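Please work each one with the structure open before reading its solution.

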Amino acid sequence: MEYVNPLTGFRVDGRRPNEMRQLKAEVGVVARADGSALFEMGNTRVIAAVYGPREIQNKGQQVNNKEALVRCEYRMAEFSTGDRRRKPKGDRRSTEISLVIRQTMEASILKDLMPCSQIDIFVQVLQADGGTRSACINAATLALADAGIPMRDIVTSCSAGYLCSTPLLDLNYVEDSAGGPDVTVGILAKMDKVTLLQMDAKLPMDTFESVMGLAIEGCKAIATYIREVLLENTKRLECQRG
Amino acid sequence: MEVEAYRRLFPLAFLERHLGQSIRPDARRLSQVRETTVALGAVSTAHGSALVRLGDTTMIAAVKLEVMSPTAESPDEGSVAVEFHMPPICSPLVRPGRPADAAPVISKALEDVLMSSGMLNLKELCLISGKASWLAYLDIYCLNADGSLFDAALISAVAAFTHLETPLVSVGDDGRVFTVGGNEGKTKFEFVNREKRKLTLGDIPFSLTCALHKDIILADPTSEEESIIETYVTVVVDSSDRIVSIQKLGGSVASMAAIKDCISLAKERRHQLRDVLTNSVEAMEVDQTE
């Protein structure tokens with residue numbers, strides 16, 4: 001199948017190879033949560049809610065009482081994909097992504113400022129069209145910022161692939177299931193450090209570097225957008241306070 | 001003492017000080033319901049969907065249809081599977097390991113009401129008698145739990161079915177029925193159900209939950225009020241003013257007069273909700289023609 005049209009250079013959804021899908025973010029969508037955000041990357045739509053810092057509910061899980069305990073759960077709604085899913089949360093993919101999101105956010109949260117407490121990050125996928133992992137991390141960053149949890153830096157994530165000899169930015173579901181390599185990168189934006197890097201399928205070394213470079217560019221663009229959204233939100237809160 | 005601290009430490013006294021002046025902590029009158037908005041077509045991957053907001057309570061409902069073979073006892077009927085989910089994002093009281101207590105109760109109540117109200121005619125879900133029919137999976141996710149969960153869930157279920165459009169279906173060479181998505185092969189396949197795509201809904205049920213405290217009735221309680229007053233009555237009426245269901249699951253005793261007041265409040269609410277639904281359908285049609 002032709003993922004990149006050889007004549008025009010457009011992809012299946014009309015984007016250029018280094019073009020990201022349309023981003024849309026909204027902060028404070030779940031009123032009862034301490035912090036929440038809705039993040040959309042094209043047709044992938046994700047809600048993240050943060051509860052915390054609050055009292056530890058299960059003392060058995062606490063490993064280090066000088067730091068906060070971060071928990072994360074990733075769930076997909078049963079109507080989020082093309083075919084209705086049977087097991088939305090217990091399956092291995094959800095458990096793996098929960099672990100990935102937790103460890104990515106832990107790299108940025110200043111846990112030692114909140115000892116003996118727990119921070120819960122819950123992510124719910126409403127619509128899935130590729131790149132759910134990245135959308136979840138971006139939504140979680142916004143939700144943590146909305147909750148006022150101290151972080152080292154904004155964590156953003158983006159995916160990139162390599163099909164028809166072209167590096168492609170921000171794969172959608174069709175491109176993702178094409179069987180080509182899929183590189184997901186999560187970075188701390190200003191510090192320019194990589195916290196998440198996942199790749200499956202074979203890729204020669206130099207191609208890998210160009211694909212990863214493209215993904216990092218995507219992450220930085222998302223970071224710029226997230227900063228704008230947070231600034232808007234702060235201005236709005238300031239106006240409300242009067 | 002500061003107001004917020006008083007509210008947390010003595011919630012019952014805080015509420016009763018307000019009720020003494022015939023007003024509620026969020027400045028509503030005792031029988032006033034929160035603002036309700038319905039948006040159809042919220043989930044593009046589903047065959048029918050709706051997003052409902054009742055004050056801060058937010059529900060998203062989606063219907064997905066799958067082809068299955070009907071049972072031997074009712075070969076010309078489809079079926080509906082209803083499930084209500086409360087994911088941990090909706091409330092600080094829901095923990096990941098333990099599903100909320102209210103979720104299966106509301107699931108079952110919703111299924112009972114949708115079936116007994118006669119809104120859905122299962123015979124409409126039949127494709128080929130005895131061989132193929134639709135199984136409609138209705139999934140409702142609570143995104144923010146702030147009281148009156150059953151009411152919001154019922155409105156979202158009704159709205160999702162109003163928005164539902166069944167996909168085109170064709171019979172393959174091996175006799176199996178399959179759905180044809182999108183515009184692919186519109187001329188290639190012979191469709192079984194080309195004309196009838198939308199379901200005709202019968203009497204639509206509308207509900208109202210009221211909290212009963214001594215002899216005061218609070219319509220549409222928030223989660224704060226629900227946690228203080230643990231007695232509620234849910235009344236479901238349909239468009240011909242018949243009572244479909246009344247649920248009062250224990251709690252403190254209430255007089256018949258109080259129950260009758262709840263029923264009349266539910267009847268008033270029905271008119272409001274019907275307007276909200278028709279407005280949302282019109283709004284969607286305007287969007288589609290643009």
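**Exercise 1: the interface**

Between the two chains, 28 residues of chain A are in contact with 28 residues of chain B, where contact means heavy atoms within 4.5 Å. The model is a predicted one, in which local features need pLDDT of at least 70 and side-chain atom pairs count only at pLDDT 80 or more, whereas totals for chains, interfaces and linings use all residues. Residues are numbered from 1 along each chain as its sequence is written, chains are lettered from A and ligands numbered from 1 in the order in which they are written, and side-chain values use heavy atoms, with hydrogens and water left out.

Task: describe the area that chain A and chain B bury between them, and state which elements give two or more residues to the side of chain A that touches chain B.

Solution. Step 1: the two chains bury about 2,500 Å² between them, with 54% of it on carbon and sulfur atoms; buried area is the accessible area (1.4 Å probe) that two parts lose on being put together, summed over both. Step 2: on the side of chain A, Arg32(A), Phe79(A) and Arg84(A) lose the most area to chain B, and together they make up 32% of what that side buries. Step 3: there are 0 salt bridges between the chains, a salt bridge being a side-chain nitrogen of Lys or Arg within 4 Å of a carboxyl oxygen of Asp or Glu. Helices (H or I, at least four residues) and strands (E, at least two) are DSSP runs, numbered from the N terminus.

**Exercise 2: a lysine in a strand**

Task: decide whether Lys64(B) counts as buried or exposed, and find what a polar atom of its side chain lies 3.0 Å from.

Solution. Step 1: Lys64(B) is found in strand β3 of chain B. Step 2: Lys64(B) counts as buried because its relative accessibility is 4%, the classes being buried under 20% relative accessible area, exposed over 50% and partly exposed in between (1.4 Å probe, protein chains only). Step 3: a polar atom of the side chain of Lys64(B) lies 3.0 Å from the backbone oxygen of Thr81(A). Step 4: leaving aside neighbours within four places in sequence, Lys64(B) is in contact with residues including Glu78(A), Phe79(A) and Asp83(A), as well as His47(B) and Tyr137(B).

**Exercise 3: one face of a helix**

Task: for helix α3 of chain B, residues 102–116, compare its reach with the expected one, and explain why its buried residues line one face.

Solution. Step 1: the 15 residues of α3(B) reach 21 Å from first C-alpha to last, close to the 21 Å expected at 1.5 Å a residue; the expected span is 1.5 Å times one less than the number of residues. Step 2: the buried residues of α3(B) are Ala103(B), Ile106(B), Ser107(B), Leu110(B), Val113(B) and Leu114(B). Step 3: seen down the axis of α3(B), these buried residues fall within an arc of 140°, so they line one face of the helix; the arc is that of the directions from the helix axis to the C-beta atoms. Step 4: on the other side, Pro104(B), Lys108(B) and Ser116(B) are exposed. Step 5: what covers the buried residues includes β4 (79–85), β6 (132–144) and α4 (149–163) of chain B.

Key
A polar contact is a pair of N or O atoms within 3.5 Å; within protein, one must be able to donate a hydrogen and the other to accept it, and residues adjacent in sequence count only if both atoms are side-chain atoms.
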